[in-house]
Amino acid sequence: MQLANQKFLLELLQTPSPSSLEMEIQKKWLEYVKPFVDEIRTDHAGNAIGVLNPEAPFKVLLAGHCDEIALVINRIDEHGFLHFDKIGGINPKAAVGMKVTVLGANDCLTGVIGVNAQHHGGLKNDFSLEDLFIDCGFKTKEEAEEQIHIGDLAVYKTEPEFLSDRYVAGRGLDNRTGAFIVAEVLRKLKETGCQVGVYAASTVNEETNMGGAYFAAAGVAPDMAIACDVTFATDYPGVNTNKYGDVRLEKGPVLAKGAPINIKINQLLEKAAKSLDISIQYELTPRMTGTDADKMRLTGKGVPVSLVSLPLRYMHSPVETASIKDIAEEIDLLVAMISALTGEESLNPLDL
């Protein structure tokens, strides 16, 4: 199976976009959506927003964050080895032995995350990021400092690949798939038409503080907002489905249920799924969602929110894996739901 505009998805996945350094990917996103939107917006947080029907009084905000987890250089030792902390949820065990791209001040450099050979004792069972380092081939601190500064970022050096023409695997599917999805929803809505204002945002900083979502929602002041993110698939060996639920690749998008979620938006999404014969799955978010939805909800006078997620295996690893079918169905679901809106909908749960 192939996605429409699959090349654009690969371009996003190949572009380093660590949280706080999303400028390059945002420029590519804006260039892609420019031909089929009525208006382009940016803001001081770094969000990129494509708009359809900006004059429409009823406004829908879609948010898919484009930032990815990363490493941040916090020390260069006397031998030129780079020591680092994390930007977002880095798993130290997944980092061992990986190649990285260090986004230096003037150039991008390849490095490897060194590991003590098993013959010499290997790593302790309880090791942390402080026990790891990046080797870029420098011999001295002075040589390293000619190209690397404290605060420079690094990402895993991997290329996205397709598995059995069914899945896509690589780093940072969380959540550049979301940035792709909201762009494609815009493109399809431009073709099909809709009665409401649609504001599709490629947001920044979700992996660190979700500030991008706050800026986006505060600036747009939407009548409803939908975060398009990823959630934990549990369909691979070693996962306790009794504890973490049963979420599977190729079984459709995942709707959140819980206190932050507006029940009427979910009903609209369920109605659209039924009309398209798309299977949907559910996850529970009793208190918070841990996504952009949390920040968008608390802007202005308060915004009704929902969360539509892509099932994802191996989250925050260098080989995150998602289904092409699920991506396509999430796009179709959002298009169907939004194109059916009249702008007269009440999202008040007490309006029976």
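## Close-up views of a predicted model

Glu-320 sits in strand E17, which covers residues 320–323.

**View 1. Glu-320 and Thr-15, two buried residues.** Glu-320 counts as buried, because its relative accessibility is 2% and the limit for buried is under 20%. Thr-15 is buried too, with a relative accessible area of 1%. Their C-alpha atoms are 16 Å apart in space, while 305 residues separate them in sequence.

**View 2. Thr-15, Lys-28 and Glu-24 around helix H2.** Start at Thr-15, in the loop between helix H1 (6–14) and H2. Its side chain makes a polar contact of 2.9 Å with the side chain of Lys-28. Lys-28 also forms a salt bridge with Glu-24, at 3.6 Å from N to O. Lys-28 and Glu-24 are four residues apart in helix H2, so about one helical turn separates them. Lys-28 is partly exposed at 25% relative accessibility, and Glu-24 is partly exposed at 45%.

**View 3. Glu-68 and Arg-176, a buried salt bridge.** Here the closest N and O atoms of Glu-68 and Arg-176 are 3.3 Å apart. Glu-68 lies in the loop between strands E3 (59–65) and E4 (70–76) and Arg-176 in helix H5 (residues 173–192), so the pair ties together parts 108 residues apart in sequence. Both Glu-68 and Arg-176 are buried.

View 4. Arg-313 is buried, with a relative accessible area of 14%. Salt bridges with shared partners also join Glu-68, Arg-171 and Arg-176 into one network.

**View 5. Glu-146 and Asp-152, two acidic residues in one loop.** Glu-146 is in the loop between helix H4 (141–145) and strand E9 (153–156), and Asp-152 is found in the loop between H4 and E9 as well. Asp-152, in contrast, is buried and has no salt bridge; Lys-141, the nearest side chain of opposite charge, is 14 Å away. A polar atom of the Asp-152 side chain does lie 2.7 Å from the backbone nitrogen of His-149.

Conventions
Residues are numbered from 1 along each chain as its sequence is written. This is a predicted model: local features need pLDDT of at least 70, side-chain atom pairs count only at pLDDT 80 or more; totals for chains, interfaces and linings use all residues. Side-chain values use heavy atoms; hydrogens and water are left out. Buried means under 20% relative accessible area, exposed over 50%, partly exposed in between (1.4 Å probe, protein chains only). Lys and Arg count as positive and Asp and Glu as negative; His and the chain ends are not counted. A salt bridge is a side-chain nitrogen of Lys or Arg within 4 Å of a carboxyl oxygen of Asp or Glu. A polar contact is a pair of N or O atoms within 3.5 Å; within protein, one must be able to donate a hydrogen and the other to accept it, and residues adjacent in sequence count only if both atoms are side-chain atoms.
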